[in-house]
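User: Hello! I am new to this structure and would like to learn how its features get their labels. Could you walk me through them?

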Amino acid sequence: MSTAEKTLLPITDEPPTLEATAAVEKLEDGETGEASIEEQPFRLMIKAPNGAEVPVIATSQETVQVIKQVVSETAETVEYSCFYLEYQGQRLDDSTELSELDLEPESQFELFEDEYTEREARLHVTRLRDLLLGTVTASADVAGLDAGAPIFDTIKHPDGLESDTVAIARSDADDTPSSATKGEKAKKGDKAKKGKRSDKKTSENEQPAEADDEAEKMRAAAANHAFKDFVFDEVPAFSVLSTERAMQRLRLPLCVRQLTVSGWNPVPRYRQLQGDLLYLQVTTLENQSYQLTCSRLGFYVNSSSLSRFNPCAYGETHAGQAGVRSADFYAAHSLVTLLKRLSPKFAQAFDELQAEMARREPVEILPFVSSEQAATPWLVRGAENRGPASYDAGRVQDVYLRLGAQAGDSMRDWNEELQSIREMPRGNLSERVLRDRQLHKWHSEFAEAAISGAQAVVEDEMPALNPSDAAEQHMYLRDNIFYSKGFDGRETFAELGGDAAAHVATGKDVTGVRLLNQLDVEGLNTLGSVVVDYRGVRVVAQSVVPGIFRNQETTQIVYGSIDSGATVGSDPEFHKLMEPVAKALHFGEHTVQDASGASHTLYSSVDVKGLTGTDGRKYLLDLYRMTPVDVEFLESECMGDKPYPHKLVLLRPELVDIFWENSVRKAVQEYAAEKVKKSGESKAEESKAEDTKSEEPKSEEPKSEESKPEEPKSDEAPKDAMADFEFTLDFSPDAFATTTESNEDPLAAAVRSASQFLKNISVPGLARDLASYTTSPLSGDALVTAMHQRGINMRYLGRIADLLPADVKSVTNVRRLVIFEMVARATKHIIRGLFRSVPTYLHAETFALVA
């Protein structure tokens with residue numbers, strides 16, 4: 001058993017058996033052959049050309065690129081972005097691991113400035129603009145609108161953490177023993193020197209008084225916290241959510257007035273041959289305007305003006321004139337260094353900015369989600385978000401600086417990037433870390449592009465591929481991302497609830513993609529998928545399967561069905577790839593019939609589609625049925641006079657795992673009980689046989705050789721107590737999918753048992769834990785997390801509210817929380833329908849009327 005398998009063993013409340021205890025002891029004794037080695041980190045010293053020395057703590061698994069990233073984010077060396085490192089006179093490649101170098105405990109790396117490329121020059125300028133913004137994103141007035149806008153600074157204590165109650169308690173604890181010690185010393189001094197008794201007594205009286213005054217001051221400072229005048233029992237005023245107040249706390253020192261791309265771009269061809277890469281225009285706080293050139297060796301001031309192009313260096317063309325310094329003064333490898341020379345106010349403000357950034361907490365600096373996500377736009381007054389805080393001509397040039405001059409004509413192949421990253425090696429820890437970093441970067445960039453495209457789809461700023469069809473059936477394609485709306489335009493879900501079922505299916509599809517990504521089966525690929533809810537419309541954004549728009553014959557469905565079971569594919573190679581997925585999700589092989597009556601054996605649901613792209617990779621699509629049907633809820637709530645809005649009611653993956661582990665535990669207990677019973681019966685029969693033998697008359701004949709006790713055979717090994725234990729529990733994702741009349745085969749029976757377990761065990765168990773405060777969520781998000789961890793769908797909120805007694809005072813708060821969550825979710829559905837039926841410019845008024 002590997003270490004990974006050991007960690008995946010279910011944790012139960014049952015006492016372990018002797019066999020299990022012995023197995024654990026073997027694992028702990030190291031019989032698996034795996035050794036746990038605690039690696040000691042290296043302490044590296046990076047020596048920069050500006051004289052700074054940066055200490056870096058790293059492990060042998062880190063690469064040189066990681067060390068460079070740390071150096072570029074350190075305040076002493078923040079001006080460097082284009083450089084390389086040398087160790088013992090050899091230039092280090094960025095992908096080199098530290099384990100490949102012969103490092104010593106105090107190794108020293110040297111930093112050398114490298115030549116710029118056009119891309120490196122753009123990134124250097126972009127990085128400086130990001131540094132000047134500090135904790136504020138490119139759109140400054142986003143507090144409350146942007147889910148990633150950090151406003152932690154508005155609630156933390158202005159004096160930091162030194163005046164909190166922990167520091168006070170520590171200071172009080174420190175004062176007490178010191179005072180006692182000084183008192184004992186004073187007493188000893190009285191015995192030794194009676195002449196100084198009065199002086200000792202005075203010092204004893206003064207020291208406790210000073211300690212009390214210091215503690216009182218610290219308590220008074222701690223009382224001045226962010227929530228000092230906040231009344232928690234009252235509804236706060238709307239001004240609490242003011243963007244102006246939040247952004248005022250986030251405002252940082254201004255370093256330059258303007259930093260933009262010059263109008264003399266693009267660089268002429270003859271100047272490219274001389275090393276010019278980019279032209280910039282800078283206006284300092286002293287109201288001095290400079291035209292700068294970025295060359296391969298660095299940045300320098302040129303002699304151009306707004307009306308005349310002269311790319312020659314300013315220090316050379318104006319040498320000898322009054323007020324002009326040497327040519328070296330107007331040139332530097334880093335733009336930060338050059339601006340510090342040209343503008344003393346920039347140097348002072350930039351140092352203040354770096355000190356301020358170092359003082360802030362990490363949660364104030366790093367936006368944790370995409371800046372394109374509008375979190376709660378109704379919480380912020382529109383008048384405070386009408387425009388940017390300051391004029392910045394470089395804001396519209398951000399795309400050019402980040403992506404280059406060909407950004408508008410180049411499209412990323414999102415799918416090829418994703419599949420190439422997934423095919424990266426992952427044999428050791430460093431390879432897995434590098435692969436996961438690339439995946440995280442890709443998903444972040446894809447989500448940002450998908451959100452921007454989804455907004456354009458809803459706002460009718462993107463032409464449809466099929467404009468002649470109904471609006472609900474429109475499909476879109478931009479930047480190699482395919483967009484569709486979450487409506488049942490083709491009546492695929494007509495029998496399951498129409499648009500309501502299609503809306504749910506899009507969310508379930510993302511859940512299925514997440515499950516397969518976690519399994520990470522080699523040879524089985526999924527698409528990048530993002531679901532965006534914007535202005536009452538759900539938009540699905542996916543990467544494009546290679547060849548799907550070119551030739552349908554080369555990308556036909558080879559596994560599953562595209563027409564609701566009329567034609568079914570069951571490719572053997574695809575079926576073999578699905579085996580590890582079926583084992584992890586507890587799917588069993590089941591047979592489905594197509595319209596012609598032919599039988600096909602599948603692991604997944606018939607609605608899951610498998611196809612082969614023109615790139616030769618195998619893809620799985622439409623993964624909304626990766627868990628079984630909640631048949632108990634389907635029969636009780638979806639068939640009555642007031643049915644549930646849709647019939648696409650599925651169990652959560654967590655519930656399937658919990659039920660499977662519970663069934664295994666129960667089977668092991670029954671097996672152990674049966675074995676103990678059989679063992680007792682066999683011992684009783686043996687004792688009875690011995691008693692019968694002892695009652696027989698003893699024979700006077702001499703003992704023969706056959707009566708000698710048999711010696712145990714040395715070849716026989718001890719028998720494993722669980723060797724003959726067998727357990728099988730698989731589910732069918734197609735059971736009860738189309739009709740409630742299904743054959744009660746083992747797969748369908750398991751689906752019904754899991755649904756009953758959810759209804760009769762999980763939901764009442766959560767209600768009991770909520771009532772007894774074993775589980776005590778403090779917000780709606782915490783309640784949702786607690787329910788999902790137990791595999792409970794949000795459609796059971798009403799049942800949980802019914803199980804919580806309304807007349808018990810201790811349960812009032814948690815019951816109110818459940819009801820609030822129900823009201824919020826119901827309001828969301830109402831507002832979604834209203835937004836789709838009114839014009840865009842009336843959405844704010846519509847929400848105000850509902851609220």
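Analyst: Happy to! Contact here means heavy atoms within 4.5 Å. Keep in mind that this is a predicted model. With that cut-off, L128, L131 and L132 in α4 meet F346, F350 and L353 in α11.

User: What makes the contact of α4 with α11 nonpolar, polar or charged?

Analyst: Leu and Phe both count as nonpolar. The residues of this contact therefore divide into 6 nonpolar, no polar and no charged.

User: Why is α4 called roughly perpendicular to α11?

Analyst: The axes of α4 (residues 118–133) and α11 (residues 344–359) come within 10 Å and cross at roughly 70 degrees. Angles of 65 to 115 degrees count as roughly perpendicular, so α4 is roughly perpendicular to α11.

User: How do you know whether E491 is buried or exposed?

Analyst: Exposed means over 50% relative accessible area. E491 has 61%, so E491 is exposed. This residue is found in the loop between β12 (481–485) and α16 (499–519), and its phi is positive, about 60 degrees, although E491 is not a glycine.

User: Which kind of peptide bond joins N265 and P266?

Analyst: A cis one, with omega about -5 degrees. P266 lies in the loop between β6 (258–261) and α8 (269–272).

Conventions:
Residues are numbered from 1 along each chain as its sequence is written. This is a predicted model: local features need pLDDT of at least 70, side-chain atom pairs count only at pLDDT 80 or more; totals for chains, interfaces and linings use all residues. Side-chain values use heavy atoms; hydrogens and water are left out. Axes are lines fitted to C-alpha atoms, for helices over the stretch in contact, and angles run from 0 to 180 degrees between N-to-C directions. Helices (H or I, at least four residues) and strands (E, at least two) are DSSP runs, numbered from the N terminus. Angles under 35 degrees count as roughly parallel, over 145 as roughly antiparallel, 65 to 115 as roughly perpendicular and the rest as oblique. Buried means under 20% relative accessible area, exposed over 50%, partly exposed in between (1.4 Å probe, protein chains only).
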